[in-house]
Amino acid sequence: MKMNNNMYRHGGTNRMEYDLKKAVKWWSDQVRGNKPHDNGDDSPAGRMGMLVADSMRKPVGDVQIGIFEKALEEGLKALLDEWSGNNVYVGVDYSPDVVLSDAAQAAGIGPYNFPFKTTMFFKNGEIWVKEGYGAELVQI
């Protein structure tokens, strides 16, 4: 089912494109970032696992980000089209889901550049994110 673009009009601009760019930029910032991984496990083994994940994060260059952003925008658009722009979820538990993973692989970005326990929801023309373990759900 194709998305009804009338649902995505925003101040004279195409709302779907606006939302896609906002979502892609948010994920780009996440893979470029260097926040410590956090899975909520404060045990010695849990802390060690998070340190190992932190050590496996690699720097991401501008060319990689450009490739990632293009691939992610295409993947998100396909998801939004498939689900009529509503109740779409992408995220990371300990590794990125298919849409994020495919975009990262196209750009040569490893799974440890994504923060653990991070999610994004598209619902009713809004984008909501939960950035990390135990984080509050906030609208972007």
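1. Let's start with R57, which sits in the loop between α2 and α3 (62-82); helices here are DSSP runs of H or I with at least four residues, strands are runs of E with at least two, and both are numbered from the N terminus. Please keep in mind that this is a predicted model, where local features need pLDDT of at least 70, side-chain atom pairs count only at pLDDT 80 or more, and totals for chains, interfaces and linings use all residues. Residues are numbered from 1 along each chain as its sequence is written, and side-chain values use heavy atoms, with hydrogens and water left out.

2. R57 is buried, at a relative accessible area of 17% (buried means under 20%, exposed over 50%, partly exposed in between, with a 1.4 Å probe and protein chains only). Leaving aside residues up to four places away in sequence, R57 touches G33, N34, K35, P36, H37, Y112 and N113; contact means heavy atoms within 4.5 Å.

3. Now have a look at helix α2 (residues 44-55).

4. Which residues of α2 are buried? They are G46, M50 and A53. These cover an arc of only 60° around the axis, so they lie on the same side of α2; the arc is taken from the directions from the helix axis to the C-beta atoms. On the face turned away from that buried side are the exposed residues P44, A45, M48, L51 and S55.

5. Finally, strand β3 (residues 88-92) is mostly covered, with 4 of its 5 residues buried.
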